[in-house]
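Please read this briefing with the sequence and the 3D model side by side. The points are grouped by topic.

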Amino acid sequence: MELPGPVAAWARRTDAAEGEWARREVDSWARAAEFSRPLRWGEAEAAVLARDYAPLPGSLVSRTVGVVAWVLIALLAVPLLGAPLIGLVLVALGAAQGSQEAADGWISAATFMFVLGVIAAGTALSLWRERRRRSSIELVMNGVNALASGAAIAVLAVAAVSGGPWLPLLMIAAALLSAVAFVLVLVSKPEGRAKRRKPPRRGPRGSDKRARALKARKRLLEVLVHRGLADLDEGDRIRVAEMPLGYWSELDGLDEREWRRVLERRHVGWRDFGAKD
C-alpha cells in the first residue's frame, strides 16, 4: 500500500536527513578507525556504542507523530476488537429506555457495533488459518466477544424493544464466529518458545539513544563494507543491520553454519539466554 503523497514526501525528507546525520556523525571517525583483521563484530559495535551523538533531525516531530499514530491505532482498535462488548452495553441501554422510539438510537449504534464484531470475528478466523497457533490475546478476545454477543442476544430477547431484522442476525453471527475462533485457538498448539522470546535488551536504555545508536551502527556497517573489512552480500548486510543492538559480538568466531543460524533467527534469539545476559 502506497503512502499518501504528503506523507511519502515527508518520509523521504526524513530518511534523507537521517542519512546525512549518520554520515556526519559516523564517517569522520569510522573511515580512519583501526579495526581488527579479520573484523571482530563486537569490537566494531562497541566503538559505536561508546560514542555520543547529536540528536536525530526532526526527533521531536517524529516522536509526536509516533504518539499520535499510536493514539489513532488505539482509538480504532478498541471499538473493533471489543465491538460486541460495546454492542452489549448499547443494547442494554436501549432496553432500559422502555419505549421503541427512545431505544432506536441505541439499537442503531448497537447494530453498527455488531457489524464490527462480525468483521473482528472473521479477521480472527483468518489469522488462525494463517498461523494455526494458540495466542493468549486472541483467546481472551474471542472468548469475551462470544460471551458478550451471547449476552446481548439474551438481553434483546427479554427486552420490550425490537432490534429490527438485522441486529439479531448480526448478534448470532458474531457469537458463532467468535465461539468457533475461540475453540480453534484453544485447541491449537501454543506459540513456540522461540516465537515468543526476544533477546534481552542491551545497549542504551533510552529510546532516543537507542535510535541514534542503531542509525550510527547501520552507517558503520556501510563504511566497513566500503573499506573491504566486511565481505557481505546485500541480503546479509540487511540481516546484520537488523541484529538486536548490542549483539554483534555473537557473530564473532562462527563457522558458516552458525553464522547463518544467528542471522536467520536474529529477531527471536538464537540460543538460550541466561541470567548473565
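Buried residues (under 20% relative accessible area, with a 1.4 Å probe and protein chains only) make up 36% of the 277 residues in the chain. The model is predicted: local features need pLDDT of at least 70 and side-chain atom pairs count only at pLDDT 80 or more, while totals for chains, interfaces and linings use all residues. Residues are numbered from 1 along each chain as its sequence is written, and side-chain values use heavy atoms, leaving out hydrogens and water.

**Overall build**
- The chain has eleven helices and two strands, taken as DSSP runs numbered from the N terminus (helices H or I, at least four residues; strands E, at least two).
- From the N terminus on, the order of elements is α-α-α-α-α-β-α-α-β-α-α-α-α.

**Nonpolar cores**
- A nonpolar core is a set of buried Ala, Val, Leu, Ile, Met, Phe, Trp, Tyr and Cys residues joined through side-chain atoms within 4.5 Å.
- The largest one has 30 residues, and W41 and L220 have the most contacts inside it.
- Elements giving two or more residues to this core are α1 (5–30), α2 (41–49), α9 (207–226) and α11 (256–264).
- The most comes from α9, with six residues.
- Leaving aside residues up to four places away in sequence, L220 touches V26, W29, A30, F35, A44, V48 and W248, where a contact means heavy atoms within 4.5 Å.
- Another core, of 19 residues, lies apart from it and includes A103, I107, A148 and V161.

**One face of α2**
- W41, G42, A44, E45 and V48 are buried in α2.
- Seen down the axis of α2, its buried residues fall within an arc of 160°, so they line one face of the helix; the arc is that of the directions from the helix axis to the C-beta atoms.

**Salt bridges**
- A salt bridge is a side-chain nitrogen of Lys or Arg within 4 Å of a carboxyl oxygen of Asp or Glu, and the count comes to 13.
- R260 and D236 meet in one of them, at 2.7 Å from N to O.
- R260 lies in helix α11 and D236 in helix α10 (residues 234–241), so the pair ties together parts that are 24 residues apart in sequence.
- Salt bridges that share partners join D236, R239, E256, R260 and E264 into one network.

Terms used: Buried means under 20% relative accessible area, exposed over 50%, partly exposed in between (1.4 Å probe, protein chains only).
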